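Please look over the sequence and the model before reading the points below.

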Amino acid sequence: YNDGTEIRNVTDSIEWSTLETGAYCYYNNSSNNKAIYGGLYNWHAVNTGKLAPKGWHVPTTDEMETLLNYLIANGYNYDGTTEEDKVAKSLASKHSIYWEASSSEGSPGYQPETSNKSGFSGEPGGYRTGDEWYRKGIFSAIGVEGNWWSSTQDPDYNGKRGRSLRLENSSNSIWIYWNFEKQWGLSVRCIRD
């Protein structure tokens, strides 16, 4: 954390799925994924307010909405239009070796070499599941999804979920307010204060 406190690297699936404190891991518990995708953090680490370096913070969903509206209004839709959300391709990296191919025009997996108009360089780092009874601590969706925590707790679900931004390889739009259980491991993208 930005105060020097160590964030726990939790590799055990059952332990991960029951955590109520901050933790991180790498996809499939492999440090080889660090350079490409970074870490996957649970929402408890985000909620400390100490995850981002000094002078930065994890964005709220309102800040994510501001980004979305800016991109739409300024022609970042894959087809150059300025209405509706068709900006996923502009947020995705150009790395065709990381994004699973898709035939859906305007999606991150469709001709990825034409992606990343915004410079966001979103990679499909997948996720690690939370405390679902049948999928405790399982890694999934690498190459298919990129999910980034917001610092906003979802007001529904009795405070058990946080909100995020989501890109999928076959969709030309993004999802904001997508909610995950707080034990799930997602990527984090910080913004300047």
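Helices (at least four residues) and strands (at least two) are DSSP runs, numbered from the N terminus. The model is predicted.

**Serine 107**
- Serine 107 is placed in the loop between helix H5 (88–91) and strand E5 (125–128).
- Serine 107 counts as buried because its relative accessibility is 0%, the cut-off being under 20%.
- A polar atom of the serine 107 side chain lies 2.6 Å from the backbone oxygen of serine 104.
- Leaving aside residues up to four places away in sequence, serine 107 touches Lys89, Ser102, Asn169, Ser170, Ser171 and Asn172.

**Aromatic pairs**
- The structure holds 11 aromatic pairs.
- One of them joins tyrosine 127 and phenylalanine 180, with ring centres 6.3 Å apart and planes at 40 degrees, so this pair is tilted.
- Tyrosine 127 is in strand E5 and phenylalanine 180 in strand E9 (residues 175–181), 53 residues apart, and their pair links distant parts of the chain.
- Tryptophan 149 and phenylalanine 180 form an edge-to-face pair, 6.3 Å centre to centre with 85 degrees between the planes.
- Tryptophan 149 lies in strand E7 (residues 145–153) and phenylalanine 180 in strand E9, so this pair ties together parts 31 residues apart in sequence.
- Tyr127, Trp149, Phe180 and Trp184 form one aromatic cluster.

**Burial in the cluster**
- Tyrosine 127 is buried.
- Tryptophan 149 is buried, at a relative accessible area of 0%.
- Phenylalanine 180 counts as buried at 6% relative accessibility.

**Charges over rings**
- Lysine 117 lies over the face of tyrosine 76, 5.4 Å from the ring centre.
- Arginine 166 has its charged end over the ring of tryptophan 178, 4.2 Å from the centre of that ring.

Key. Residues numbered from 1 in each chain as written. Predicted model: local features only at pLDDT ≥ 70, side-chain atom pairs only at ≥ 80, totals over all residues. Heavy atoms only, no water. Buried < 20%, exposed > 50% of the residue type's maximum accessible area, 1.4 Å probe, protein only. Polar contact = N/O pair within 3.5 Å; in protein donor to acceptor, adjacent residues only side chain to side chain. Contact = heavy atoms within 4.5 Å. Phe/Tyr/Trp six-rings, centres within 6.5 Å; stacked < 30°, edge-to-face > 60°. Lys NZ or Arg CZ within 6 Å of the ring centre and 35° of its normal.
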